[in-house]
Amino acid sequence: MKPRSGRALTFIMVLLTVTTGMIEAVSFLALGPVFAAVQTGSLLLLGFAVAGTAGISITATAASLAGFAVGAVGGSRAESAIDGRGRRWFTAALVGEGLLLGASAFVIWRIGIERPGGPVDGRHLAVIAMVACAMGVRNVTALRVKVPGVSTTVVTTALTGLLVVLHPLAADSRVGSGAGAELRRFSSVLAMLSGALFGAWLLDRSVRPAVVLAVPAGLVLALGLALSALPRERTSVPG
């Protein structure tokens, strides 16, 4: 059962984009340097690490890529199976992602990860893979929902669309324009920036990474539970 397009669904997806910024702040500034959602960055970091660049771990980056792959494949199979039974795959995906992020925050708290630079043992690699796994599920969910201009995990396309449509020297009607499209793109870019800024600000003020990660975990889980509590005829997230 695919959520119906509308302002409510767009708002939810923009809110998820904010959480991506916070999650990447924890991934890069506390667990890494490594990315959980932006796997283009992970591939680049892996290339840098293989080339011998100091401060970048091959094993940490590989753990992120592996975790993301598991989340993407597993999430796709699970969401398709739930959808095939006529059940609420969108809410189930949010609940599953929230639980994964919450478990990751708990592991970070238990093993005492604060900043990069410490020993990268098996538990450290496991938590990197767990966070990336949650983001693999997120990417599948965003692909299935297909809100134009709001992918929740990358904003390059949204930023490009804004520049091409709004700049008079680069106007291109084939990109897609209109107040709605431009607002979604702008909201997506602003949401990612805001989440990253807030996450980095909290970490800079010595808030424990586990606590910072617990914020998006709780928000995603709360969204999933709130939507699952709606009557079935309203589960389509009306606009």
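Mentor: From the N terminus on, the chain's elements run α-α-α-α-α-α-α-α. This is a predicted model, where local features need pLDDT of at least 70, side-chain atom pairs count only at pLDDT 80 or more, and totals for chains, interfaces and linings use all residues. Residues are numbered from 1 along each chain as its sequence is written, and side-chain values use heavy atoms, leaving out hydrogens and water.

Trainee: What makes a run count as a helix here?

Mentor: A helix is a DSSP run of H or I with at least four residues; a strand is a run of E with at least two. The chain comes to eight helices and zero strands.

Trainee: Why are helix 2 and helix 3 called roughly antiparallel?

Mentor: Look at the angle between N-to-C directions, which runs from 0 to 180 degrees. The axes of helix 2 (residues 39-50) and helix 3 (residues 58-84) cross at roughly 150° and come within 9 Å. Angles over 145 degrees count as roughly antiparallel. Helix 2 and helix 3 are therefore roughly antiparallel.

Trainee: Which residues of helix 2 and helix 3 meet?

Mentor: Contact means heavy atoms within 4.5 Å. Among the residues that meet are Leu43 and Leu46 in helix 2, and Leu65 and Phe68 in helix 3.

Trainee: What makes a set of residues a nonpolar core?

Mentor: Its members are buried Ala, Val, Leu, Ile, Met, Phe, Trp, Tyr and Cys residues, joined through side-chain atoms within 4.5 Å. Buried means under 20% relative accessible area (1.4 Å probe, protein chains only). The largest such core has 28 residues, and Leu101 is one of those touching the most other members. A second, separate core of 16 residues includes Met13 and Val150.

Methods
Angles under 35 degrees count as roughly parallel, over 145 as roughly antiparallel, 65 to 115 as roughly perpendicular and the rest as oblique. Buried means under 20% relative accessible area, exposed over 50%, partly exposed in between (1.4 Å probe, protein chains only).
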